[in-house]
Amino acid sequence: MGHTLLQKVWDRHTVRTLPSGQTQIFIGLHLVHEVTSPQAFDALRARGWTVARLDRTFATVDHIIPTRERTRPFLDLMAEEMIAALERNCRDFGVRLAGLDDDRQGIVHVIGAELGLTQPAMTIACGDSHTSTHGAFGAIAFGVGTSQVRDVLASQCLALEPMKVRRIRVTGTLPPGVYAKDVILTIIHRLGVGGGVGYAYEYAGDAVARMSMDERMTVCNMSIEGGARVGYVNPDETTFKYLEGRPFAPSGQAFARAVAWWRSMASDPDARYDDDVEVRAAELTPVVTWGVNPGQSVPVTGRVPGPNGAGGDGRAIADALGYMGLRGGEPIAGTKVDVAFIGSCTNSRLSDLREAARIVRGRRVAPHVTALVVPGSASVKRAAEREGLDEVFRAAGFEWRSAGCSMCLGMNPDKLQGSQVCASSSNRNFKGRQGSPTGRTLLMSPAMVAAAAVAGEVTDVRSMLA
Amino acid sequence: MKITRIEGTALPMRGDDIDTDRIMPARYLRAVTFEGLERYLFEDERAGSAAGDRAGAVHPFDNPAYRGASILLVNRNFGCGSSREHAPQALQRGGIRAIVGESFSEIFFGNSLMIGLPCVTASPGDISELMAQVERRPDVRLSVDLEAGTCETAGVRCAIALPGHARDALVGGTWDTTGMLLARYDEVGLVASRLPYVAGF
């Protein structure tokens, strides 16, 4: 009987069984950012501990930083204090930091891949639930809280419980205008926002095999929105090709040896899964969320469910409709939007910006819409500018910002105001998520956000694809 | 510290999929400590907020009848979303010593365990009964016994579940993991040295 990648990685990283019955797992890469780390560093200080493995630790700034005016000190004093705290912590403990002025700075889940820090068959932890993104490389990557950040800093280990594995095979060919974002939103809708609790999701099937690394990252990123702390894709030629030549990837002879090891760590063909699900790509459509969790979505051609519809939880639907200001039975297309946000660790990579720019080129943002593009990293921003994408967006009326988490969670000045409705390429439509306690989020692919920005309302992007 | 039994009044917080953005809005993550976070629990839906004033019902966290509660009663998939430990930190700092619910998000469960806040599950029927009882009589006292695996109140006694490792960690007082992880650090070095990406390909 073969093994899954999860089992192989788990076994190779097991230190011992702890007295609590949990497994002590070695963490191969610890990514650190400004929001979930200050209390952890303070805990180390209080006990006189050092960072166990500086060679396995890397920090950047992303959550709270402004994306427009970046002169220090920031006008936002709290942001200044948090960035200064991370800079001080990294200096005191010797942690590598891609700070605000570093050309490697960006959203932690974008730069890990770009720099080649993220590699197959690693264990990766970060104080952020979207750490599952790195699973696109065949890493076992998951989000942790601040006490666990402290544990990893101090011991390079975590106390963990085993996970089950659900394989999700996406088979067939995605129709035009249907993106990786639509795949994962559909999976979450079908399996539920709590459906993945206790599982790692292994994404497989020919549609996933044909996906680029950017697309695989989009899918793995939102595993947590389906309740799965871990999501991964087995490493293959696409993975290896992406990694070759990256700053922290092995090079020369070592790269060939690395590929051989990475290949050996992929799930065996006869591996046993705890559950197996198939999603047929040809049946998928562009998807839009209408509610207050990422499972509450409909095809763009569909209608918002009513509280008395079949199979739903009437009270939850009524509550979501009330918050969103939508009426059950209305078509989702045509819903007016006030803001269009292209960014976040889900969809802010170069290929996302290219797809959005394809829609925007030669068109104008609707007069009532505020539209912004926030590239996922300084490197994505430079690459997009080399291709002239910034000019495409600016000419259409988008703002072109610097890298950060921005309006995905509104910890910086990029927030919704009042009850604004935002077409967003991010990952969460929770109440208040985008910085206004009454703000409303419609999740969709970056191309769909671009279409909504232009039309001023939710629109089927396929009508704009020439 | 060993945590075996939690006793006190309860606070019912109804609803499935209550996410950590609702429990602790992101703007309160703008701080370098966890101190004082309890003041902002569920802030955007409580009295004085736009949504709270529209809600037409008193938010459980505003209800004076539940003041001083140490046991939180919840439904399904509580604590989903963001990994922010600020959510369980705030609940604990607000006096919550145990959470009894139908199910929990994994990261929230783990974060709570790390700070000695037990999240135990009970059947939907039992949760419903417990909530109804507490809503009728907010002064009723509950007792959550991790060793016996029961939750008891006047007239209701139900089974609660907790994964074995979590129960052992809480009951045995080993839920503060860092010491355990550092205890045999030489073994960590050994495992690392056998990983090609650490040792060098």
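Strand β1 (residues 5-13) of chain B and strand β5 (residues 141-145) of chain B run antiparallel to each other, and 5 bridges hold the pairing. If you want a spot to look at along this pair, find B:R5, which stands opposite B:D145 in β5(B). Keep in mind as you browse that this is a predicted model.

On β1(B) there is also a pairing with β2(B), this one in the parallel sense and over 4 bridges. Here B:M13 has B:V74 of β2(B) as its bridge partner. Carry on to strand β3 (residues 98-101) of chain B, and you find that β2(B) pairs with β3(B) in the parallel sense too, over 3 bridges. B:L72 stands opposite B:I99 in that pairing.

So how do the side chains of β2(B) point? In strand β2 (residues 71-74) of chain B, B:I71 and B:L73 point one way, while B:L72 and B:V74 point the other way. All four of these residues are buried.

Now step back to the whole sheet. Chain B has an open sheet of 7 strands, and reading across gives β4-β3-β2-β1-β5-β6-β7, with mixed pairing. From one strand to the next, the twist averages 30°.

Chain A has an open sheet as well, made of 3 strands in the order β1-β2-β8 with antiparallel pairing. The edge positions go to β1 (14-17) and β8 (157-160) of chain A; each has a single partner strand, so one side of each is left without a neighbour in the sheet. Neighbouring strands here are turned by 25° against each other on average, direction ignored. Within the sheet, strand β2 (residues 23-26) of chain A is joined to β8(A) by 4 bridges, and the two run antiparallel. One bridge pair to look for is A:F26 with A:C157 in β8(A).

What lies across β1, β2 and β8 of chain A? The element is helix α8 (residues 185-193) of chain B, running at about 145° to β1(A). That brings us to where the two chains meet. The contact takes in 76 residues from chain A and 53 residues from chain B. Between them the chains bury about 5,400 Å², with 60% of it on carbon and sulfur atoms. On the chain B side, B:R30, B:Y197 and B:F201 lose the most area to chain A, together 16% of what that side buries.

Staying in chain A, have a look at helix α3 (residues 77-93). The helix has 17 residues and reaches 24 Å from its first C-alpha to its last, close to the 24 Å expected at 1.5 Å a residue. After the helix comes A:G94, whose phi is positive, near 85°. The buried residues of α3(A) are A:A79, A:E80, A:M82, A:I83, A:A85, A:L86, A:N89, A:C90 and A:F93. What covers them includes β3 (29-32), α2 (38-47), β4 (57-60) and β5 (96-98) of chain A.

A:T289 sits in strand β13 (residues 287-289) of chain A. Why does A:T289 count as buried? Because its relative accessibility is 0%, and the cut-off for buried is under 20%. The side chain of A:T289 makes a polar contact of 3.4 Å with the side chain of A:N429, and the side chain of A:T289 also reaches the backbone nitrogen of A:L443 at 2.8 Å. Leaving aside neighbours within four places in sequence, the contacts of A:T289 include A:L185, A:P294, A:I332 and A:T441.

The other residue is A:D390, found in helix α14 (residues 389-396) of chain A. At 9% relative accessibility, A:D390 counts as buried. Once neighbours within four places in sequence are set aside, A:D390 is in contact with A:A384, A:E385 and A:W400. For A:W400, 10 residues apart from A:D390 along the chain, the C-alpha atoms of the two are separated by 6.4 Å.

Terms used: Residues are numbered from 1 along each chain as its sequence is written. Chains are lettered from A and ligands numbered from 1 in the order in which they are written. This is a predicted model: local features need pLDDT of at least 70, side-chain atom pairs count only at pLDDT 80 or more; totals for chains, interfaces and linings use all residues. Side-chain values use heavy atoms; hydrogens and water are left out. Two strands pair if DSSP finds at least two bridges between them. Axes are lines fitted to C-alpha atoms, for helices over the stretch in contact, and angles run from 0 to 180 degrees between N-to-C directions. The expected span of a helix is 1.5 Å times one less than its number of residues. Buried means under 20% relative accessible area, exposed over 50%, partly exposed in between (1.4 Å probe, protein chains only). Contact means heavy atoms within 4.5 Å. Buried area is the accessible area (1.4 Å probe) that two parts lose on being put together, summed over both. A polar contact is a pair of N or O atoms within 3.5 Å; within protein, one must be able to donate a hydrogen and the other to accept it, and residues adjacent in sequence count only if both atoms are side-chain atoms.
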